[in-house]
Amino acid sequence: MQQARLTATQIGVILTLAACPALMTIVPWDFATDFSRYRVIIRSFSLTPTLVQLAIILIGMRNGHSIARAWHCLPRATQIALPLLSGFCMIPWFIGAEDPGRIPMAIIVFLVHVIFALLIFQLIAGFSNPQRKLLAKCIALGVIAYCIIWGVSLLFFVPVGPGWISQVPGLTHVRGLSFFVVCGFYMALASLPEMPTEKSNKREYVIAYLGGFVSILLAFWSGSRGSIVAILGALSILLWAASSFRIAILKFSFLIFILGALASLALPIPHPSYGIIRFTNVTSDITYLSSGRTTIWLETLPKILDRPIFGWGLDQFQLIRFESFQGFKQPHNIVLQSLISIGFVGSAILAVAILPILRKARLQLDSLVRVSALGMIATTCILAMYDAALYYNYPLMMLAVAVALAFAPDGLQSAPDK
């Protein structure tokens, strides 16, 4: 595959996105048992992806990309709804929230997400298909780099007991690995050569299969059932929708899943919540099978009805008093998360902001990059129905990248490179 020459801006975008998983461990220096205030703040608020987004926003603006121009490309209803939603989210700050200080910070992060999504779409529109493949390959390598850093850190510090759950580098909980799994798997798939007849060196296949293998191995070894279920669900959609790439997807996925599952059996299981054995627990107890999610959902519903109009406020869930659980940051369901945070009115405004964009979107499944990005979008949406895929900053950031890879036109030059 002939690789088009990269501009300095494109190199900056590729390297910054690829480095994010590693930076999530390095920026807070998330190792050992000593939790400084700095480390706790960076981890708890997942600030590293936000810093990465800000860096890419600056890269785009220095290249001449305009936030205002990107904003005017949005549907008129979206342009009205987003500022209205930002103001609406401040209402609980005035009428009484558990911790009012969290609300303006959450709004700032939300605005960073919006600006990042606008600019990354413009930036990736300037990438040709080979350049998008290179971006996908580097992101998959970034997930591998994260695993290497974690492995090296275990030579100096080995968690004990519950530490394997709460002291995973760069994350506040081991289940956060599911976001790296999803990203690594689909970006590895996207980096495969387009057609079997395409002239490609073996290195391209090795990197693609290695990225997919490490991602699925990470899922099976860490006991991340949710990511596996979501990936399989999304793959079934891709196999139906992208018939031209059906054989490539099947070959890649089948081999990766078999090798990842078998390799996970050879690794030590440091905690009962880890290991492929967690996938074999069959029970009629829906609470156990859902890891307590049904209890969270059932107790969240009455709280939503307590404040149905404005909600409890952004990032307040962990401070609400529940009978059976405490301390969860979100209810592991995007619908409930929206309703309890911004109420029915705020959720309606959010829908008004999103639906016109969906109606305007046009998808052509003409490349493996677009197909893989669509799979990543579908997997994230499925995962959001029973996990925190649309709460934490990293999966939200990568969702914006996937949307750009799937829907942005190829190779447009909307601004000069500086």
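**Labels and their criteria**

Author: W29 is found in the loop between α1 and α2, where helices (H or I, at least four residues) and strands (E, at least two) are DSSP runs numbered from the N terminus. The model is predicted, and local features need pLDDT of at least 70, side-chain atom pairs count only at pLDDT 80 or more, while totals for chains, interfaces and linings use all residues. Residues are numbered from 1 along each chain as its sequence is written, and side-chain values use heavy atoms, with hydrogens and water left out.

Reader: Why is W29 called exposed?

Author: Buried means under 20% relative accessible area, exposed over 50%, and partly exposed in between, with a 1.4 Å probe and protein chains only. W29 has 57% relative accessibility and therefore counts as exposed. Its phi is positive, at about 45 degrees, although W29 is not a glycine.

Reader: Which elements do the buried residues of α3 pack against?

Author: They pack against α1 (8-26), α2 (37-44), α7 (102-125) and α18 (393-407). The buried residues of α3 include V52, Q53, I56 and I57.

Reader: Why does Q53 count as buried, and which residues is Q53 in contact with?

Author: Q53 is in helix α3, and its relative accessibility of 1% makes it buried. Contact means heavy atoms within 4.5 Å; leaving aside neighbours within four places in sequence, Q53 is in contact with V112, H113, F116 and M397.

Reader: What makes the link between the side chains of Q53 and H113 a polar contact?

Author: A polar contact is a pair of N or O atoms within 3.5 Å; within protein, one must be able to donate a hydrogen and the other to accept it, and residues adjacent in sequence count only if both atoms are side-chain atoms. The side chains of Q53 and H113 are joined at 3.0 Å, so the distance meets the limit of that definition.

Reader: Why is the pair of F185 and F252 called tilted?

Author: Rings of Phe, Tyr and Trp (its six-membered ring) pair if their centres lie within 6.5 Å; planes under 30 degrees apart count as stacked, over 60 as edge-to-face and the rest as tilted. A search of the whole structure finds 21 aromatic pairs. The centres of F185 and F252 are 5.6 Å apart and their planes are at 50 degrees, so the pair is tilted. F185 in helix α10 (residues 177-190) and F252 in helix α13 (residues 246-266) are 67 residues apart, and their pair links distant parts of the chain.

Reader: Why is the pair of F317 and F322 called tilted?

Author: With centres 5.0 Å apart and planes at 40 degrees, the F317 and F322 pair is tilted. F317 is buried at a relative accessible area of 4%, and F322 is buried at 7%.

Reader: How do you know that the charged end of R307 sits over the ring of W312?

Author: The criterion is NZ of Lys or CZ of Arg within 6 Å of the ring centre and within 35 degrees of the ring normal. The charged end of R307 is 3.9 Å from the centre of the W312 ring. R39 lies over the face of F35, also at 3.9 Å from the ring centre.

Reader: What makes a set of residues a nonpolar core, and how many residues has the largest?

Author: A nonpolar core is a set of buried Ala, Val, Leu, Ile, Met, Phe, Trp, Tyr and Cys residues joined through side-chain atoms within 4.5 Å. The largest has 86 residues, and those with the most contacts inside it are L17, I120 and Y186. Its largest share, twelve residues, comes from α10. A second, separate core of 16 residues includes L74, A81, C89 and A353.
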